[in-house]
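Here is a short briefing on one protein model. Look at the sequence and the structure first, then read on.

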Amino acid sequence: MKVLHVCDTLDPHPGLFALTLPGFLVALQKQGVVNDVVAGASHADKVRDSLAADQVSIVDEDNQTAAMFAIAPLANKADLVHIHTATATIGMIAAAAARSGNTPFVLSTCGELTTTDRLQGRLLNWLDVRQFHKKFNGVSRIIACNEIEKKILGNRGIKRDIAVLPVGYDEIPIHNSASSNDVSPIKLLWNEQARVIAYLGDIAGHSGLIELFNAFYELEEELSNWRMIVAGRPIDNWLDRFQAEAKKREKEEHIAFIVFPDLAQQKAILEKADLFVQPSPTPVPTIPVLKAMRNNVPVMVSSACDMAIVDKEKAGITVQPNKENFKYSLKKLITGDYGNLKTMGKTAQKIAQEFYSWDNSIKEYLRLYKETI
């Protein structure tokens with residue numbers, strides 16, 4: 001079986017599928033699948049060279065005609081096209097290319113259709129839904145990141161056959177990856193005794209950071225020896241707004257913002273972290289959460305991520321995403337015995353390895369692929 005994978009970028013931004021793509025392709029390759037990859041604007045040459053794929057192509061999605069000519073031959077040679085973005089232009093182009101060659105295609109939403117954008121939902125009304133169906137006309141299956149997202153999509157008018165398949169994460173070595181010299185932004189000005197809360201993902205209001213920061217600020221006494229690292233893609237002007245608010249509250253020394261962190265920086269952040277947080281109010285892929293768990297870090301994760309196993313196995317805590325719940329849960333975690341956090345971290349790592357390795361879930365994708373073909 002030959003599968004063409006389509007991503008908005010190969011740059012390993014926290015929260016994007018590209019961060020877990022290397023492990024996904026390795027797991028498929030183990031099952032005899034031949035992979036090709038096409039992506040939009042990317043700068044991660046080392047990641048591209050390390051992918052378990054026969055052919056990796058980067059196209060300029062702004063030039064839609066040229067992109068179509070580049071993608072169509074790859075789609076025609078494939079048995080199936082798997083599109084890993086529901087909003088990037090390259091996804092729409094790949095869908096058109098697949099239709100032109102009668103190649104079946106499936107779409108992973110990656111949480112992009114239910115994530116709020118500029119405080120508004122991506123699928124607000126019938127026109128949004130109509131445009132979605134037009135862009136991805138002919139899609140065989142839609143893959144949601146969890147049951148919560150599946151329900152939201154159904155309520156918003158997506159009537160296609162929606163499957164829920166688990167997202168995994170495996171640490172795949174990247175050839176000639178960045179050296180320790182590239183992590184200088186993480187050499188923080190904080191003392192070694194300070195504890196660290198880490199967040200990897202989009203730096204934006206719709207990511208749940210407004211409520212998280214407000215909870216952090218109100219726990220001034222309890223968090224006096226804690227700092228926060230926020231790393232990811234800055235969306236719109238949210239970074240400036242968050243930095244201005246931190247300065248206004250005289251907390252700029254307590255929060256560090258790292259933009260577009262590469263793999264080495266992400267690793268350095270998680271090595272420093274005592275707790276990882278995912279505050280999203282809407283379903284999103286849990287890739288950064290799983291990466292943190294792999295690195296022995298306990299997690300406080302939004303209930304929208306549908307990770308009940310975190311509570312069940314005591315690898316951290318799940319929480320309803322609002323300020324009061326963040327405040328209560330943070331206080332509970334950080335004021336207790338620090339040894340409990342360490343124990344949670346070890347449990348988190350075990351869960352990530354045993355339950356969230358791509359090898360454990362890849363057969364579900366293979367089954368869907370075969371049913372689609």
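Buried means under 20% relative accessible area, exposed over 50%, and partly exposed in between (1.4 Å probe, protein chains only). Helices (H or I, at least four residues) and strands (E, at least two) are DSSP runs, numbered from the N terminus. This is a predicted model: local features need pLDDT of at least 70, side-chain atom pairs count only at pLDDT 80 or more, and totals for chains, interfaces and linings use all residues. Residues are numbered from 1 along each chain as its sequence is written, and side-chain values use heavy atoms, with hydrogens and water left out.

**Helix H4**
- Helix H4 covers residues 89–100, which is 12 residues.
- Buried residues in H4 include Ile90, Ile93, Ala94 and Ala97.
- Just after H4, Asn102 takes a positive phi of about 55 degrees.

**Nonpolar cores**
- A nonpolar core is a set of buried Ala, Val, Leu, Ile, Met, Phe, Trp, Tyr and Cys residues joined through side-chain atoms within 4.5 Å.
- The largest core has 58 residues, and Leu21, Phe24, Phe276, Met293, Met307 and Tyr369 have the most contacts inside it.
- Helix H14 (residues 358–372) gives the most to this core, with 6 residues.
- A second, separate core has 33 residues, including Ala215 and Leu330.

**Histidine 82**
- His82 is found in strand E4 (residues 80–83).
- His82 counts as buried because its relative accessibility is 0%.
- Leaving out residues up to four places away in sequence, His82 touches (heavy atoms within 4.5 Å) several residues, among them Phe24, Ser108, Ile143 and Tyr365.

**Glutamate 313**
- Glu313 lies in the loop between helix H11 (308–312) and strand E13 (316–319).
- Glu313 counts as partly exposed because its relative accessibility is 35%.
- Glu313 and Ala348 are 35 residues apart in sequence and 8.3 Å apart in space, C-alpha to C-alpha.
- Not counting residues up to four places away in sequence, Glu313 touches Thr347 and Ile351.

Technical notes. Expected span 1.5 Å × (residues − 1).
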